[in-house]
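Colleague: Please give me a close look at one part of this model. I would like the salt bridges and the helix packing taken together, in one connected account.

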Amino acid sequence: MTDMNTIVGTHDIVMITLDTLRYDAAVLEEANCPNLCGTGPWEKRHTPGSFTYAAHHAFFGGFLPTPATTDKSEHIRMFHSRNTGLKTHPHTWLFDTPDIVSGLAAEGYRTVCIGGVIFFTKKNPLARVLPGYFQQSYWRMTFGVTNPRSTEHQVNHALKLLAGTPLTQRLFLFLNVSAIHGPNYYFLPGARKDSVDSQRAALRYVDGELGRLFEALRARGNPVFCLAFSDHGTAYGEDGYQGHRLAHETVWNVPYREFIL
């Protein structure tokens, strides 16, 4: 496990949620995703929530997807609230605030959110909750699920923000990638409905765009710790189920990666 006490304060931190990405779809596309999988395969984990809103509340509270194993030695928290009375690991970074976003801000990080799906739109009080964790938050129609170039637009916005961020300023950048969430059939020529294959095609598109973001982060010269994972999966008819916000392995099993740029 990464010692987060050596990361916080010394590295920029990037958290990317690949909204609705299934674990099986991610594994099938590993060879075609050089930017996300260039240094290793996806790890199978279990999400703490079956849809975006629930899962992200858990993530920002420090509850990232849990290793899909019964070996408790692998269930080491990366972030943990201080003074809960629970035993913590020496490599766990402890925060005194209600969430990791404000905790990182207290450590001098500039916290930035680039939203994607509906819960980040800020169009109503509910959709302002998750972006409200951050010092700066952004959403445009072009970032949303109906735009087939959404990740391109999200990355372009991130590049502008990076260009205006001093190298001495530590950065916590959160990106909710919407392209993989339905509808995604338009990424697969000839498709008329969403499927595992169209989700795989969307992931290939996303990986290509994220390559530009990673290149820009490297160019800043600061070490960068990256977390990339899905918030939940989705069902495409397995056992009669469709969609998410339900209890099925296609929803609960998610891909997870952490790496240093």
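This is a predicted model: local features need pLDDT of at least 70, side-chain atom pairs count only at pLDDT 80 or more; totals for chains, interfaces and linings use all residues.

Modeller: The partner of Glu29 in a salt bridge is Arg204, with 3.0 Å between the closest N and O atoms. Glu29 sits in the loop between helix 1 (23-28) and strand 2 (43-46), whereas Arg204 belongs to helix 5, so the pair ties together parts that lie 175 residues apart in sequence. Arg204 itself is partly exposed, at a relative accessible area of 36%.

In total, the structure holds eleven salt bridges. Side chains of opposite charge can pair when their charged atoms come close. Glu209 is buried, with 14% relative accessible area, while Arg212 is partly exposed at 28%. Returning to the Glu29 pair, salt bridges with shared partners join Glu29, Arg204, Asp197 and Arg200 into one network.

For a further pair, Glu43 forms a salt bridge with Arg45, again with the closest N and O atoms 3.0 Å apart. In this pair the arginine, Arg45, is buried at a relative accessible area of 12%, and the glutamate, Glu43, is partly exposed at 29% relative accessibility.

Now the packing of helix 5. The axes of helix 4 (residues 150-163) and helix 5 (residues 196-220) come within 9 Å and cross at roughly 5°. Angles under 35 degrees count as roughly parallel, and helix 4 and helix 5 are therefore roughly parallel to each other. On the helix 4 side, the residues in contact are Ser150, Thr151, Glu152, Val155, Asn156, Ala158, Leu159 and Leu162. On the helix 5 side they are Tyr205, Val206, Glu209, Leu210, Arg212, Leu213, Ala216, Leu217 and Arg220. By type, the residues of this contact divide into ten nonpolar, three polar and four charged.

Two of the residues have come up already.

Terms used
Residues are numbered from 1 along each chain as its sequence is written. Side-chain values use heavy atoms; hydrogens and water are left out. Axes are lines fitted to C-alpha atoms, for helices over the stretch in contact, and angles run from 0 to 180 degrees between N-to-C directions. Helices (H or I, at least four residues) and strands (E, at least two) are DSSP runs, numbered from the N terminus. Angles under 35 degrees count as roughly parallel, over 145 as roughly antiparallel, 65 to 115 as roughly perpendicular and the rest as oblique. Contact means heavy atoms within 4.5 Å. Ala, Val, Leu, Ile, Met, Phe, Trp, Tyr, Cys and Pro count as nonpolar, Asp, Glu, Lys and Arg as charged, and the others, Gly among them, as polar. A salt bridge is a side-chain nitrogen of Lys or Arg within 4 Å of a carboxyl oxygen of Asp or Glu. Buried means under 20% relative accessible area, exposed over 50%, partly exposed in between (1.4 Å probe, protein chains only).
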